Amino acid sequence: MQTLMRDTYTVFARAMRMSLRNPAWLVISLMQPILYIVLFGPLLEPLAGQLGTGNAYQIFVPGILVQLGIFGALFVGFGLIAEYRAGVIESQRVTPASRTALLLGRVLRDVVVLLVQGTLLVLVSIPLGLRAPVLGVVLTLVVIALLGAAFASVSYALALTLKSEDAFAPLLNAFVLPVLLLSGILLPMTLAPGWLQTVSDVNPLKHVVEGTREFFVGGYDTSTAWWGAALTVLLVVLGWVFGVRRFRRESS
């Protein structure tokens, strides 16, 4: 365990230094959700009553945070493909470093970045009208961190499998659009017709979004909130198992 922690910190520190040396992509990835809140959020204020709350941002901001956790983590695999092409992965394979640490250190970097971005997103939303309990915001950020860890693990595993941006990008794009439309990230699925709600019910991310919205209105004791949290933990376990197996297989 001590060796795993040391190796994980080494990989994490290297990955974090790389991010801090070139923070442009971190800023760019944060700009899209901020633009959604600034330009799309005001359109929802007249619909606040139909959305089931007096504050439309309590519905909209949690969805945007989930979007940040999913999409911000899904695209980290592009960086791993570049490292693979540059020979970094090959160099790490010949070291005695734990193969689990090679993934865990990178995922921890991604989680820290998502937490910083998510906090900034909430702070930007407050002057625009967001009112949410502090505990609800904290619980939502925890869910976002776990969701980011799940999708970052999957992204790294897919990147190691495909090893090509030409194959990786279309695969992500094929996944992103259905998730965006069927998880209720922008608008609750309660506004959709019955058949579309039925289709969206099989999407676990829809329940994650609804759970975070419950946290934002103080619904800590509702089944919706904790069902979403439980599904998030399940996604973390599945993503982590997939990622670790792929890293170990690549290093065997």
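In which helix does Asp-7 lie? Select helix H1 (residues 2–21), which contains Asp-7; helices (H or I, at least four residues) and strands (E, at least two) are DSSP runs, numbered from the N terminus. The model is predicted: local features need pLDDT of at least 70, side-chain atom pairs count only at pLDDT 80 or more, and totals for chains, interfaces and linings use all residues. Residues are numbered from 1 along each chain as its sequence is written, and side-chain values use heavy atoms, with hydrogens and water left out.

**Confidence colouring**

Colour the chain by pLDDT, the predictor's confidence in each residue, from 0 to 100. The chain has a mean pLDDT of 86, and 96% of its residues reach 70 or more. Confidence is lowest in H2, at a mean of 78, and highest in H7, at 94.

**Asp-7**

Return to Asp-7, which is buried at a relative accessible area of 9%; buried means under 20% relative accessible area, exposed over 50%, and partly exposed in between (1.4 Å probe, protein chains only). Leaving aside neighbours within four places in sequence, Asp-7 is in contact with Pro-96, Ala-97, Ser-98 and Ala-101, where contact means heavy atoms within 4.5 Å.

**The nonpolar core**

Next, display the largest nonpolar core, which has 61 residues. Such a core is a set of buried Ala, Val, Leu, Ile, Met, Phe, Trp, Tyr and Cys residues joined through side-chain atoms within 4.5 Å. Ile-70, Leu-121, Leu-147 and Tyr-156 have the most contacts inside this core. At least two core residues come from each of helix H2 (24–44), helix H3 (57–74), helix H4 (77–86), helix H6 (99–128), H7, H8, helix H10 (204–216) and helix H11 (223–251). H7 supplies the largest share, 14 residues.

Centre the view on Tyr-156. Beyond four places in sequence, the contacts of Tyr-156 are Val-76, Gly-77, Leu-80, Leu-103, Arg-106, Val-107, Arg-109, Asp-110 and Phe-247.

**Gly-118**

Move to Gly-118 in helix H6. Gly-118 is buried, at 0% relative accessibility. Excluding residues up to four places away in sequence, Gly-118 touches Leu-65, Leu-68 and Leu-141. A C-alpha distance of 9.1 Å separates Gly-118 from Ala-145, 27 residues apart along the chain.

**Two helix pairs**

Two packed helices are described by the angle between their axes and the distance between the axes. Axes are lines fitted to C-alpha atoms, for helices over the stretch in contact, and angles run from 0 to 180 degrees between N-to-C directions.

Select H4 and H7: their axes come within 8 Å and cross at roughly 35 degrees. In this pair, Gly-77, Leu-80, Ile-81 and Tyr-84 of H4 meet Ser-155, Tyr-156, Ala-159 and Leu-160 of H7. The contact has 6 nonpolar, 2 polar and no charged residues; Ala, Val, Leu, Ile, Met, Phe, Trp, Tyr, Cys and Pro count as nonpolar, Asp, Glu, Lys and Arg as charged, and the others, Gly among them, as polar.

Now select H7 and H8, whose axes come within 10 Å and cross at roughly 145 degrees. Here Phe-151, Ser-155, Leu-158, Ala-159 and Leu-162 in H7 meet Ala-167, Phe-168, Leu-171 and Phe-175 in H8. This contact divides into 8 nonpolar, 1 polar and no charged residues.

**Lys-163**

Finish at Lys-163, in the loop between helix H7 (134–162) and helix H8 (165–182). Its phi is near 60 degrees, a positive value in a residue other than glycine. Is Lys-163 buried or partly exposed? Lys-163 is partly exposed, with a relative accessible area of 27%.
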